[in-house]
Amino acid sequence: METKKVLAVDLGASSGRVMLGSFDGEKITVEELHRFSNDPVILGNTMYWDFLRLFHEIKQGLIKSKAYGKIDSISVDTWGVDFGLLDKEGNLLGNPVHYRDARVNGMLDKSFEKIDKDTFYGITGNQFMEINTVFQLLYLALNKKELLEQADSLLMMPDLFNYYLSGGKCCEYSIASTTQMLDAVKKNWSDKVIEKLGLPERLLQQVVPSGTTVGTLSPQLCEELGIEPMKVVAGAGHDTQCALAAVPTGEKDFIFISCGTWCLFGTELDEPIIDENSARFNITNEGGVGGKISFLKNIIGLWLIQESRRQWMREGKEFSFGELEKLAAKEEPFRSLIDPDAPEFAPSGNVPRRIREFCKRTGQPVPETEGQIVRCINESLALKYRMAFEEIRECTGKEYPVIHMVGGGTQSALLCQLTANACGRPVYAGPVEATVYGNVAIQLMAEGAVGSLEEIRSVIKASEEIRRFDPQDGERWEEAYRNYCEAIRKW
């Protein structure tokens with residue numbers, strides 16, 4: 001067959017890339033065309049995403065793609081929950097606000113004054129996190145009503161980029177499911193949630209399946225950049241669902257960890273699980289490719305390592321991630337541990353200091369060196385994964401013999417090994433570029449070049465080398481897990 005070429009724009013919370021994906025009928029190859037940082041901007045008291053800069057960088061990737069001949073399509077994936085507001089002329093009403101902005105503080109409790117918590121979860125099946133779209137909108141409804149009145153439409157981040165690429169407006173299913181406004185069973189907007197919270201439903205777009213072609217590159221953009229038209233595909237707008245599509249397994253029931261700035265730990269289901277256990281464990285039901293449900297926990301992930309490294313760089317210590325891992329590997333195990341999801345670790349800033357303060361407050365040895373800090377983070381993440389693993393097993397009633405770990409975190413052999421140790425299961429690590437592979441493959445499915453999600457995973461398995469990590473020190477890790485569970489309850 002003729003080689004298919006598509007562009008995958010993958011925007012993470014700290015960086016972005018434009019990647020070329022090529023498919024020869026058997027294997028997918030990916031090549032980086034353009035990489036750039038994604039730096040939030042604090043202006044006054046508000047933290048924004050620099051949407052204009054990000055769109056400029058996508059244009060640079062499009063220009064570089066000209067050297068590779070005909071490109072069939074382009075698709076954008078991003079982090080979840082954030083959005084932009086447009087006026088009637090399609091103009092952006094300010095840069096989108098970052099989910100870490102303080103405006104959402106207290107909105108969770110405000111929402112429960114308007115809609116019962118159990119009812120809320122029973123409809124959406126979403127993990128309660130104040131960063132979710134619904135709580136950002138509630139803030140605007142309570143404090144910036146004039147802005148919502150001025151707006152004509154709301155577009156989630158990947159859909160916002162697709163709009164400015166093609167002019168087509170929609171809300172792709174996977175990104176819609178991060179808003180906590182979607183009915184998890186009906187797979188459409190929940191009138192009840194929106195009405196109870198007093199939110200403007202008129203701003204929301206039609207929910208469309210992952211892999212929907214929303215248009216073609218606009219004539220103005222083609223003329224500006226000197227490029228040929230290509231299709232614009234709303235693939236899986238949420239990067240987690242791109243990564244999940246790329247899990248290289250043929251099993252129906254499997255556990256995955258998509259490990260990046262956030263770590264998403266879960267399994268794939270045909271239908272949502274919304275019951276007393278899932279509510280108690282605060283597990284989310286997120287929409288995926290082919291109408292599947294990702295039953296998962298959001299856990300703060302490599303953010304803790306990334307933000308610690310940024311702090312050390314501010315102090316004049318230029319460590320690579322590899323150097324930090326080597327320092328951590330030499331340190332004493334289980335010296336001190338944290339709850340990665342404790343609220344003090346969510347904002348940007350001096351994470352090493354906060355870790356020391358957490359350990360001091362909880363009566364543990366205070367980690368002093370960079371190696372001790374990184375060891376503390378990695379072991380705490382691995383044990384938190386184990387907690388999520390036990391919760392998901394209890395909810396589904398299923399056993400999972402192996403764990404598939406994908407994304408940037410698989411570059412850390414230490415974290416992969418600690419995860420295998422903590423969960424008592426072999427970890428299959430890779431691909432590193434799972435989000436890009438998934439983005440590419442969903443576009444290929446939209447083109448008809450691959451026929452199903454199962455075929456996507458088979459192709460990716462043939463395209464990448466996967467590493468295996470077997471569990472070690474079982475008894476020691478079981479004891480550590482028991483102690484960690486007791487500690488979490490006290491903290």
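This is a predicted model: local features need pLDDT of at least 70, side-chain atom pairs count only at pLDDT 80 or more; totals for chains, interfaces and linings use all residues.
Residues are numbered from 1 along each chain as its sequence is written, and side-chain values use heavy atoms, with hydrogens and water left out. Local features need pLDDT of at least 70, side-chain atom pairs count only at pLDDT 80 or more, and totals for chains, interfaces and linings use all residues.

Stop 1: Select residues 15-23 (strand S2) and 28-37 (strand S3), which run antiparallel and are joined by nine bridges. Strands (E, at least two residues) and helices (H or I, at least four) are DSSP runs, numbered from the N terminus; two strands pair if DSSP finds at least two bridges between them. Gly16 stands opposite Phe36 in S3. Four residues lie between the strands of this hairpin, where Gly25 has a positive phi near 105°.

**Stop 2: S7 and S8.** Next select strand S7 (residues 83-86) and strand S8 (residues 153-156), an antiparallel pair with four bridges. Gly84 has Leu155 in S8 as its bridge partner. In a regular strand the side chains alternate between the two faces of the sheet. In S7, Phe83 and Leu85 point one way, Gly84 and Leu86 the other, and all are buried (under 20% relative accessible area; exposed is over 50%, partly exposed in between; 1.4 Å probe, protein chains only).

**Stop 3: Thr179.** Select Thr179, in the loop between helix H7 (173-176) and strand S10 (182-183). Thr179 counts as buried because its relative accessibility is 0%. A polar atom of its side chain lies 2.7 Å from the backbone oxygen of Ala176. Beyond its neighbours within four places in sequence, Thr179 is in contact (heavy atoms within 4.5 Å) with Asn126, Asn132, Thr133, Val134, Met156 and Trp189.

Conventions:
A polar contact is a pair of N or O atoms within 3.5 Å; within protein, one must be able to donate a hydrogen and the other to accept it, and residues adjacent in sequence count only if both atoms are side-chain atoms.
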